[in-house]
Amino acid sequence: MRLPGTMRVNHLGHLEIGGCDTVELARQFGTPLYVLDEALIRRQCRKYREAFVRHGLRGEVIYAGKALLNKAVCRIIAQEGLSLDVVSGGELYTAIAAGFPPERIYFHGNNKSEEELRQGLDCGVHRFVVDSLYELHLLNNLAAEAGKVAGVYLRITPGVEAHTHTYIRTGQRDSKFGFDLVGSVALEATKQALALPHINLVGFHCHIGSQIFDVESFKVATEVMLDFAASVWRETGFALRELDLGGGMGIRHVASDRPLEPEQFVAALADAVRTGVRRHGLPEPKILIEPGRSIVGEAGTTLYTVGAIKDVPGIRTYVAVDGGMYENPRVALYQAEYTAVVANRVHAPADRVVSVAGKCCESGDMLIWDLRVPELQPGDVLAMLSTGAYTYSMAGNYNRMPRPAMVLVREGQADLIVRRETYADLVRYDVLPERLAAPEHLADQRAIE
Ligand code: LLP
């Protein structure tokens with residue numbers, strides 16, 4: 001199996017990431033544990049930026065923070081010269097708390113609240129990606145109150161279907177996101193934006209889906225967006241200055257996945273942009289892309305400890321680990337596929353097939369179906385690969401499970417970047433009203449029994 005990033009097998013036969021023995025990490029930090037390969041994140045950032053330079057594309061690479069966000073990740077992204085896409089007040093707060101420069105922040109979201117818009121104006125985010133007329137007018141009013149002019153992209157629904165899981169398609173017409181091209185909805189929104197004094201319309205945005213492997217859907221979306229920009233130009237005289245083409249580049253979760261290299265993706269975009277602007281005689285806009293998964297996905301590994309093993313003769317063997325859907329809901333939610341290795345003996349012959357189960361109280365809480373492994377025993381450390389994106393960011397406390405810790409590894413050094421939740425954290429937001437706190441209540445309970 002191809003191991004991503006700095007992963008290798010050391011002299012003990014243990015899986016190593018960033019020069020750190022994962023068996024040792026499991027012992028030191030406990031499991032489940034998210035391990036992040038810093039060098040691989042940086043490499044992906046650089047690949048995108050270098051591809052822009054190589055293809056002479058004027059523009060920016062914006063990391064989509066929804067894939068994975070915490071203060072340390074913000075710092076790495078900032079150091080690598082990427083911008084940041086945030087979709088909520090919470091993501092924006094995290095970025096600012098990490099010292100991320102606001103002039104490199106892009107604020108997305110289909111229903112930003114008044115409070116979130118104010119927060120964005122106050123800290124001076126670079127662009128608001130506006131999703132509805134309601135938001136457009138609200139932002140104009142709030143910017144007027146603040147004595148500011150907001151830099152805006154309109155999010156357009158280009159009607160391009162990316163070949164990916166249907167739940168995560170966002171570009172098709174039937175979508176809660178953005179302005180529809182059909183029926184002049186987008187054109188009308190553009191005219192309104194141009195007329196509002198506290199809105200500075202700079203460009204358009206689209207996003208066609210996630211975990212996409214082919215360049216074709218991106219090329220078609222680019223073409224559609226430039227056709228739209230040309231019609232806007234003819235109708236209103238507004239010349240598009242910036243075009244944000246979203247994220248969605250796939251990664252390798254299992255051996256059969258064939259992701260695009262950033263270079264191939266950017267080359268195809270550059271080609272589509274140039275063809276489009278030439279056809280319409282438009283000036284070439286600044287191009288922005290928003291990769292999330294392809295920056296952090298393969299850099300993440302989740303370490304688990306094997307617990308109960310249940311053999312159902314003639315059917316399957318369930319190997320339960322100490323994590324599950326609460327810390328990686330992707331399998332239950334999208335039937336996502338992953339692979340894993342036994343971190344404490346990577347090279348042992350994988351001569352059986354098991355299914356890896358989580359520890360939440362439902363049958364759907366599975367992590368991997370039909371994984372080839374050597375014989376497993378309780379206490380073995382299982383390393384699930386390519387879990388960096390949309391796991392921690394989508395994790396919760398189902399069954400009152402404390403969320404795992406995260407460590408950043410690099411050249412033999414492992415640093416805690418998210419501490420493990422404790423049971424005390426779990427009850428931190430619980431409030432006992434006075435009438436339930438009184439001891440008589442406990443007596444009532446006994447009376448019923
Ligand atoms: N930009 C916009 C506007 C987006 O909505 C997204 C993802 C991205 C960029 C980044 O896409 P990426 O490069 O990471 O594919 N929870 C799902 C994925 C949802 C993606 C939502 N939007 C999953 O776990 O597969």
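## Salt bridges, ligand shell and backbone of a predicted model

The side chains of Arg-428 and Asp-425 form a salt bridge, with 3.7 Å between N and O. A salt bridge is here a side-chain nitrogen of Lys or Arg within 4 Å of a carboxyl oxygen of Asp or Glu. Arg-428 is exposed at a relative accessible area of 56%, whereas Asp-425 is buried at 14%. In these terms, buried means under 20% relative accessible area, exposed means over 50%, and partly exposed lies in between, with a 1.4 Å probe and protein chains only.

The structure is a predicted model, in which local features need pLDDT of at least 70 and side-chain atom pairs count only at pLDDT 80 or more, while totals for chains, interfaces and linings use all residues. Residues are numbered from 1 along each chain as its sequence is written, and side-chain values use heavy atoms, with hydrogens and water left out.

### Salt bridges

Side chains of opposite charge can pair when their charged atoms come close. Across the whole structure, 26 salt bridges are found. Three of them are set out below.

| Pair | N to O distance | Relative accessible area |
|---|---|---|
| Arg-428 and Asp-425 | 3.7 Å | Arg-428 56%, Asp-425 14% |
| Arg-2 and Glu-298 | 3.6 Å | Arg-2 44%, Glu-298 17% |
| Glu-38 and Arg-42 | 2.9 Å | Glu-38 8%, Arg-42 10% |

The bridge between Arg-2 and Glu-298 ties together parts that are 296 residues apart in sequence, because Arg-2 lies in the segment before β1 (8-9) and Glu-298 in the loop between α10 (293-296) and β14 (300-312). Helices (H or I, at least four residues) and strands (E, at least two) are DSSP runs, numbered from the N terminus. Arg-2 is partly exposed, while Glu-298 is buried.

The pair Glu-38 and Arg-42 is placed otherwise: both residues belong to helix α2 (residues 38-54), where they stand four residues apart, about one turn of the helix. Glu-38 is buried, and Arg-42 is buried as well. Through salt bridges that share partners, Glu-38, Arg-42, Arg-46, Glu-80 and Arg-410 are joined into one network.

### The surroundings of the ligand

Which residues are closest to the ligand? They are Ser-210, Glu-290, Arg-293, Arg-330 and Tyr-390, within a shell of 20 residues that surround the ligand. By type, the shell divides into seven nonpolar, seven polar and six charged residues. For this division, Ala, Val, Leu, Ile, Met, Phe, Trp, Tyr, Cys and Pro count as nonpolar, Asp, Glu, Lys and Arg as charged, and the others, Gly among them, as polar.

Domain 1 (8-36 + 297-426) and domain 2 (38-295) each contribute at least three residues to the shell. These bounds come from an automatic or database domain assignment.

A nitrogen atom of the ligand is 2.6 Å from an N or O atom in the side chain of Glu-290, and a polar side-chain atom of Tyr-334 is 2.8 Å from a nitrogen atom of the ligand. At Gly-248, a polar backbone atom lies 2.9 Å from an oxygen atom of the ligand. Taken alone, the ligand exposes 580 Å², of which the protein buries 92%. Such areas come from the Shrake-Rupley method with a 1.4 Å probe.

### A buried glutamate

Glu-135, found in helix α6 (residues 133-146), is buried, with a relative accessible area of 2%. Its side chain makes a polar contact of 2.6 Å with the side chain of Lys-112. A polar contact is a pair of N or O atoms within 3.5 Å; within protein, one must be able to donate a hydrogen and the other to accept it, and residues adjacent in sequence count only if both atoms are side-chain atoms. A polar atom of the Glu-135 side chain also lies 3.0 Å from the backbone nitrogen of Asp-131.

### Backbone details

Most residues other than glycine have a negative phi, and most peptide bonds are trans. Thr-31 and Pro-32 are joined by a cis peptide bond, with omega about -10°. Pro-32 lies in the loop between α1 (22-29) and β4 (33-37).

Ser-184 has a positive phi, near 60°, and is found in the loop between β10 (179-180) and α7 (185-195). Ser-184 is partly exposed, at 41%. Gln-335 also has a positive phi, about 55°, and its place is the loop between α11 (330-334) and β16 (340-342). With a relative accessibility of 53%, Gln-335 counts as exposed.

Notes
A residue is near a molecule or strand if one of its heavy atoms lies within 4 Å of it.
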